Amino acid sequence: MSLHDRSWIWNSQWKESPSETSAGGFVHFRRQVDLAECPSQPIFISITADTRYKIYINSTFVNYGPVKGDSQAWYFDDLDIQPYLKTGRNIFTVRVLRLYYGTRFGTSFPRMPQGGLRIQHSRDLNDPPIDFSIETSESWETAVDTSSILPILEDDMFLHIFEAVDMRNSGAMQWIPATPHKVFTAFGYLSPWHLVPRQIPFQKLRPAAFSAIHNVRSSQSAVGESEWRNCLLGTAGQAHPIKLPAGTRHHVEIEASHHLTAFLSLTFTRPHTAGSVIKITYSECYEDTLDSPHFLRKGDRRDTSKKLFGPYDTFQFRGVDVEQDGSTAAYRRAEDNLEVFTPFHFRTFRFVALDIEVAEESDLILHGVDVTRTNYPLDVKAHISTDGVDQGLPVQRLWDTSVLTLENCMHDCYEDCPFYEQLQYAMDTRSSALFTYYLSGDDRLARQAIVQIRNSFQPALGLTASRAPCEHLQIIPNFSLFWICMVVDHFQRYGDMAFTSEFLPICDAVLDSFKRRVHPELGLVRCYETDDFWDFVDWTEAWKPRGIPPAGKRTGFQTFSSSLYAYTLQQIAPVLQSAGREGLSNEYTERSASLISSLRQRCFDGEFFTDGLATDAPLSEYSQHNQVWAILSGAITGADAQNLLRNALSNQEFTTPSIAMSFYTLRALSLVGGDLYDTHFHDFWTPWTDQLANNVTTWVEDNVSQRSDCHAWGSAPIYEFTAEVAGLTPLTPGWRSISFKPRLGLFKTMDSKVPIPMKGTTEMAIAHVRWERKNMDVVSLSLDVKKPSGEVFDVPVILKLPGVEEELVMSSFSRELLSVELKRIM
């Protein structure tokens, strides 16, 4: 038995050369296999790489991966390669993107100290034998890409996956036998890559197209707007090539009908001579000239009189006249006649600017730009319809925009914003996961996120990272509490104690770290005395530039931290009861009660809660946030909570929540009861409808920095229309019983569908809620919960209507509510 793992290979000429000019590069691998007969049975391989790979078989793209990993879990993919094989010679090519280890670049992509590629055959004992092997070994050839680098761009602070390609250097590649890593794995020594099978489905790929062109400028008038339109608009294969004369320059801006995350491929006829250059700039919108890279100025996103800003790729053409040795990697067919630029990683954009400089010696012919959307394969099962605009609220646009925003923030992880960071933050992901549960019922990406953030736990601190997986450790202490809330949310909706129990020790450790920060006399969570950690709360104008309430520094305490800690203790206590850990559950309840008492005593001035200690608090230290979290933590309840929230939301001098924190304002409106939620509902969406008036197609990150135009925490309409308006929430873990509290007064008609997980299967039941106000005296209400087969899904349903006793009803029922009941509802 070998003491070494030699299944990983790499290129011995690769230099791990961190610099301030490039974040990494590419390494090519290839292997030829001759088959006397094409196999008829599936042929599975497992494949992974550090940092990312693309595999092609016989010039056909097969897959892109792996899922982002870290030192705790490095994912591999299982692929069936049989459909790509043929009789005769088969060419396997893999392109690996390698980000340099130990740099400040490529934050979104964890990597180990050395690069590598690993391919192994995956066979069960009963599988028939195969007479060839493509497992990684010295039999593979490899070459360092000499034509491409990953430059450090001013407009790119996190990703560093944009490319500067000079195909004139492609002929300098030197193909050599691959070198296996010799990883000692005996006596408890572990590989740097702890291999784990992929936990989520493969990405969904769909063709897309551009819809409009703008601001065409060419140095020669013979190339006009109509020629560009014929070339660039429409679906792949329908474009008309455009001839750009030698020595000319061109600029054109292309618009997609909505925000996209997509792979691009630009195809040209290979020019006779080298030297032509194209720059492709990616942007989410038109905007004013930048005042600061952190605080942008945006208005109408389609105002073409403004400018497009963003990161970019550059591609310099090789041409026919540059000598090649014929040893390039075959990633596509007809490569000799064409030059094709396909950026390795997907790009995020709504607008793309092309700047083309044609060499003096030969024309350049552009055949078109192919666009392939890529997202997590979200199967949308929820539906909402209110029969058009009701009370001026564009319900369908709110819903559709929320779905698109969420989709574009889901790839191999949840992402805060696909344009800038592509990072999985705990606070953001809690909201995104909840929206996903209600939209599709699919919990696979959420389960992976819970595991990945758990894996980032720092024992010496008692905290998780704020975001994971990630190359650079960042600590936002409060985000560890949002991660615990993610664990609770999942248990409430899926009831999977076997899964949940894995995380309870880390939850306890996080909660203990907050307990250690509680002041022995004041009973509140103290602020950290060091600036090493980021005490972020929310992006607001009053708390610029870091999103931290100034009261924390003045008083040494943030009311928000104590409220969130108390809330989290209350959230997880019932989970521990279900796990049979009653003692710890009771301890959490007692801790929460103590915190609530201290909040009322130290952070409440008799009318409102302050951002820090209430003593001598200036008006600038009052926010709607801390009224909301006082309610959510239980520091104030009943009629007092209603009055507090009503007065706080009408106080124009209080700091107001951003799009992100507005979700919790809605939770407080729901929790206090009465008519507050319904009263505020239609006007609450003004920040969202204002965005629509500015021609956004996905929800913005916030209105302070105006940075990202796609951030999934803005997709709150998904939750509100399903959980609150349709009124469906799990009453017991795993939806074993359902709370049905429809808000009949908000809309005259409602037709909605909500997926309900069925224990023991991945299939979803669908709860169909309908009502119609027939006249001022009668509302017809119905609920049907059915399995995919059409059978009724038997589950207890508790009907809750205002002023009416709770009632146990069947999971398929209908009734008409008369005027006496309606007066209590509307």
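Predicted model: local features only at pLDDT ≥ 70, side-chain atom pairs only at ≥ 80, totals over all residues.
Trainee: Which residues touch the most other members in the largest nonpolar core?

Mentor: Trp483 and Trp629 do, in a core of 160 residues. Helix α5 (residues 477-494) gives the most to this core, eleven residues. Another core, of 53 residues, lies apart from it and includes Phe162 and Leu233.

Trainee: What does Trp483 touch?

Mentor: Leaving out residues up to four places away in sequence, its contacts include Ala426, Ile450, Phe503 and Cys507.

Trainee: Which element supplies the largest share of the lining of the largest pocket?

Mentor: Helix α9 does, with six residues. The pocket has a volume of about 1000 Å³. Of its 33 lining residues, Gln492, Arg493, Gln571, Tyr719 and Thr729 are the closest to the centre. The lining divides into 15 nonpolar, ten polar and eight charged residues.

Trainee: How should I read a salt bridge?

Mentor: Side chains of opposite charge can pair when their charged atoms come close. A search of the whole structure finds 43 salt bridges. In one of them, Glu255 meets Arg302 at 2.6 Å, N to O. Glu255 sits in strand β20, Arg302 in the loop between β22 and β23, 47 residues apart.

Trainee: Is Glu255 buried or exposed?

Mentor: Buried, because its relative accessibility is 3%, and the cut-off for buried is under 20%. Arg302 has 35%, so Arg302 counts as partly exposed.

Trainee: Which residue pairs with Arg707?

Mentor: Glu421, also at 2.6 Å, N to O. Arg707 is buried at 12% relative accessible area, and Glu421 is buried at 6%.

Trainee: Which residues are linked in a network of salt bridges?

Mentor: Arg95, Asp145, Glu163, Asp313 and Arg347.

Conventions
Residues numbered from 1 in each chain as written. Heavy atoms only, no water. Core = buried A, V, L, I, M, F, W, Y, C linked by side-chain atoms within 4.5 Å. Buried < 20%, exposed > 50% of the residue type's maximum accessible area, 1.4 Å probe, protein only. Helix = DSSP H or I, 4+ residues; strand = E, 2+ residues; numbered from the N terminus. Contact = heavy atoms within 4.5 Å. 1 Å grid on protein atoms, 1.4 Å probe; cavity = no way out; pocket = protein on both sides within 12 Å on 5 of 7 lines; lining within 4 Å. Points joined across faces, edges and corners; volume = space filled by probe spheres on them. Nonpolar A, V, L, I, M, F, W, Y, C, P; charged D, E, K, R; others polar. Salt bridge = Lys/Arg side-chain N within 4 Å of Asp/Glu carboxyl O.
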